[in-house]
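Look at the sequence and the model together before reading on. The paragraphs below go from the whole chain to single residues.

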Amino acid sequence: MTRDKGDLVVKVVNAQAAPARTRIDLGTAAVAPAARLTTLQGEPDAVNTADARPVRPRPSTLRGVAREFTYTFPAHSVTFLRIKAG
């Protein structure tokens, strides 16, 4: 976890072939109940080319964020959670 312009940024890599249910503990930081999520996911041998982009950022919103929460990270993925800190 890092801080960027007051936000908490959590970066998670799931190199497994199965989704990973993970408990996140942000310590004592006061946080907003929603976070911006950016996920890159693809097969391990996937390659982006000029004609095809099998791996691309997928933005979404994660609700239910708290000091402690769980999230299931997709298989073969890199996920960035940007959480507003209070």
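**The chain as a whole**

Residues 24 or more positions apart account for 75% of the contacts in the protein chain with a separation of 6 or more, where contact means heavy atoms within 4.5 Å. This is a predicted model, in which local features need pLDDT of at least 70 and side-chain atom pairs count only at pLDDT 80 or more, while totals for chains, interfaces and linings use all residues. Residues are numbered from 1 along each chain as its sequence is written, and side-chain values use heavy atoms, with hydrogens and water left out.

The protein chain has 0 helices and 7 strands. Both kinds of element are DSSP runs numbered from the N terminus: helices are H or I with at least four residues, strands are E with at least two. Read along the sequence, the pattern is β-β-β-β-β-β-β. The C-alpha trace spans about 45 × 25 × 20 Å along its principal axes. Of the 86 residues, 28% count as buried. Buried means under 20% relative accessible area, exposed means over 50%, and partly exposed lies in between, with a 1.4 Å probe and protein chains only.

**The sheet**

Strands of a sheet pair through backbone hydrogen bonds, either parallel or antiparallel. Here, an open sheet of 5 strands has the order 1-2-7-4-5, and the pairing is antiparallel. Two strands pair if DSSP finds at least two bridges between them. Strand 1 (2-4) and strand 5 (58-63) stand at the edges with a single partner strand each, so one side of each has no neighbour in the sheet. On average, neighbouring strands of this sheet are turned by 30° against each other, direction ignored. Axes for such angles are lines fitted to C-alpha atoms, for helices over the stretch in contact, and angles run from 0 to 180 degrees between N-to-C directions.

One pairing can be followed in detail. Strand 4 (residues 31-41) and strand 7 (residues 77-85) run antiparallel and are joined by 8 bridges. Leu40 stands opposite Val78 in strand 7. Thr79 also lies in strand 7. Is Thr79 buried or exposed? Thr79 has a relative accessible area of 0%, so it is buried. Leaving out residues up to four places away in sequence, Thr79 touches Val10, Lys11, Val12, Leu37, Thr38, Thr39, Phe73 and Pro74.

**The nonpolar core**

A nonpolar core is a set of buried Ala, Val, Leu, Ile, Met, Phe, Trp, Tyr and Cys residues joined through side-chain atoms within 4.5 Å. The largest such core has 15 residues, and those with the most contacts inside it are Leu26, Leu62, Phe69, Leu81 and Ile83. Strand 2 (7-14), strand 4, strand 6 (68-73) and strand 7 are the elements that give two or more residues to this core. Apart from neighbours within four places in sequence, Phe69 is in contact with Thr22, Arg23, Ile24, Leu26, Leu62, Gly64 and Leu81.

The structure also holds 1 aromatic pair. The rings of Tyr71 and Phe73 have centres 4.8 Å apart and planes at 75°, so this pair is edge-to-face. Rings of Phe, Tyr and Trp (its six-membered ring) pair if their centres lie within 6.5 Å; planes under 30 degrees apart count as stacked, over 60 as edge-to-face and the rest as tilted. Tyr71 and Phe73 are both buried.

**Salt bridges**

A salt bridge is a side-chain nitrogen of Lys or Arg within 4 Å of a carboxyl oxygen of Asp or Glu. By this rule there are 5 salt bridges. In one of them, Arg82 meets Asp4, with the closest N and O atoms 2.7 Å apart. Arg82 is in strand 7 and Asp4 in strand 1, so the pair ties together parts that are 78 residues apart in sequence. Arg82 is partly exposed at 23% relative accessibility, and Asp4 is partly exposed at 29%.

Arg82 also forms a salt bridge with Asp7 (3.1 Å, N to O). This pair links strand 7 to strand 2, with Arg82 and Asp7 75 residues apart. Asp7 is buried, with a relative accessible area of 7%. Which residues make up the network of salt bridges? Asp4, Asp7, Arg82 and Lys84 are linked in it.

Another salt bridge joins the side chains of Arg23 and Asp25 (3.7 Å, N to O). Arg23 is exposed, with a relative accessible area of 53%, whereas Asp25 is partly exposed at 42%.
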